[in-house]
Amino acid sequence: KRSDKKPVRFGYIYTDYPADLSDLKRLNQAIHDRYDMVLVLRRIAYKPIAENKAWLIQEIKSAAAALQGQIDYFWSPRGALAVLPEYDDILLSHTGTPLIVGATEESVKKGALVHLTGDPASQARDAAIICREILDGRDVDQIAPSGPRQFQFAINLSTAERLKLSIPSDMMELAADRLYR
């Protein structure tokens, strides 16, 4: 249902690395029918991080600056840029625009509002089970894809307070030992 209110504008800086493009495609599919939110995109050409870290950091700064005035919040991708600790620092310290969805739990410790991802330990167990099935001769086409069964959810309560958001108690219980200030 379309609202007369303006949609919330999320700035999303990503690279053209295939995994990043796949994540963006899934995010676009998830919000496709939503009229209350929109992604404002800035793409950076992917270059291997080890040899191009300084260049990537400058590109992130330029993209973040270009988004100023066009967005309400940042949404951090999980892909290539998330491995750079400087990425969060740029968004959190240099822009003045809140980072709502952080790519990592570390993002939330630094000031992003929330982080949600599949639990790495449970994903590793699931991968081991699939590998065992393949090694036991099961046809790969017969193994159904599945999403994570357990998640890591983190909330930064100071950021929530700064944004004047009330976090429901059941969400705080889900975050359990991943509540930060």
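Biologist: Two strands count as paired if DSSP finds at least two bridges between them. With that in mind, over how many bridges do S5 and strand S6 pair?

Modeller: This is a predicted model, and in it S5 and strand S6 (residues 151-156) pair over five bridges, in the antiparallel sense. One of the residues involved is Thr117, whose bridge partner in S6 is Gln152.

Biologist: Is S5 mostly covered or mostly open?

Modeller: Strand S5 (residues 114-118) is mostly covered, with four of its five residues buried.

Biologist: Let me step back to the whole chain. How many helices and strands does the chain have?

Modeller: There are seven helices and seven strands. Read from the N terminus, the elements follow the order β-α-β-α-β-α-β-α-β-α-β-α-α-β. The C-alpha trace spans about 55 × 45 × 35 Å along its principal axes.

Biologist: And what share of the residues counts as buried?

Modeller: The chain has 181 residues, and 38% of them count as buried. As for contacts with a separation of 6 or more, 67% are between residues 24 or more positions apart.

Biologist: On to H1. What is the reach of helix H1 from its first C-alpha to its last?

Modeller: Helix H1 covers residues 18-31, which makes 14 residues, and its reach is 20 Å. That is close to the 20 Å expected at 1.5 Å a residue.

Biologist: Which residues of H1 are buried?

Modeller: The buried residues in H1 are Asp20, Asp23, Leu24, Leu27 and Ile31. Because they cover an arc of only 100° around the axis, they lie on the same side of H1.

Biologist: What do those buried residues pack against, and which exposed residues are on the face turned away?

Modeller: The buried residues of H1 pack against strand S1 (8-15), strand S2 (37-44) and strand S3 (73-75). The face turned away from the buried side carries Pro18, Lys25 and Gln29, which are exposed.

Biologist: New topic: aromatics. How many aromatic pairs are there?

Modeller: Rings pair if their centres lie within 6.5 Å, and by this rule the count comes to four aromatic pairs. In one of them, Phe10 and Tyr73 have ring centres 6.0 Å apart and planes at 35°, so the pair is tilted. Phe10 is in strand S1 and Tyr73 is in strand S3, so the pair ties together parts 63 residues apart in sequence.

Biologist: Are Phe10 and Tyr73 buried or exposed, or in between?

Modeller: Phe10 counts as buried at 8% relative accessibility, whereas Tyr73 counts as partly exposed at 25%.

Biologist: What sort of pair do Phe10 and Trp75 form?

Modeller: Phe10 and Trp75 form an edge-to-face pair, at 5.3 Å centre to centre with 85° between the planes. This pair likewise joins strand S1, which holds Phe10, to strand S3, which holds Trp75, so it ties together parts 65 residues apart in sequence. Phe10 and Trp75 are both buried. Ring pairs link Phe10, Tyr73 and Trp75 into a cluster.

Biologist: Which residue lies over the face of Trp55?

Modeller: That residue is Lys47, at 4.1 Å from the ring centre of Trp55.

Biologist: Now the loop between S3 and H3. Where does Ser76 stand there, buried or exposed?

Modeller: Ser76, which is in that loop, counts as buried at 3% relative accessibility. Its C-alpha atom is separated by 8.3 Å from that of Tyr14, 62 residues apart along the chain. Leaving aside neighbours within four places in sequence, the contacts of Ser76 include Tyr12, Tyr87, Asp88 and Leu99.

Biologist: Last one, then. Which residues of helix H3 are buried, and what do they pack against?

Modeller: In helix H3 (residues 85-93), the buried residues are Tyr87, Asp88, Ile90 and Leu91. Seen down the axis of H3, these fall within an arc of 160°, so they line one face of the helix. They pack against S1, helix H2 (49-67), S3, strand S4 (99-101) and helix H4 (105-110).

Conventions:
Residues are numbered from 1 along each chain as its sequence is written. This is a predicted model: local features need pLDDT of at least 70, side-chain atom pairs count only at pLDDT 80 or more; totals for chains, interfaces and linings use all residues. Side-chain values use heavy atoms; hydrogens and water are left out. Helices (H or I, at least four residues) and strands (E, at least two) are DSSP runs, numbered from the N terminus. The expected span of a helix is 1.5 Å times one less than its number of residues. Buried means under 20% relative accessible area, exposed over 50%, partly exposed in between (1.4 Å probe, protein chains only). The arc is that of the directions from the helix axis to the C-beta atoms. Contact means heavy atoms within 4.5 Å. Rings of Phe, Tyr and Trp (its six-membered ring) pair if their centres lie within 6.5 Å; planes under 30 degrees apart count as stacked, over 60 as edge-to-face and the rest as tilted. A charge sits over a ring if NZ of Lys or CZ of Arg is within 6 Å of the ring centre and within 35 degrees of the ring normal.
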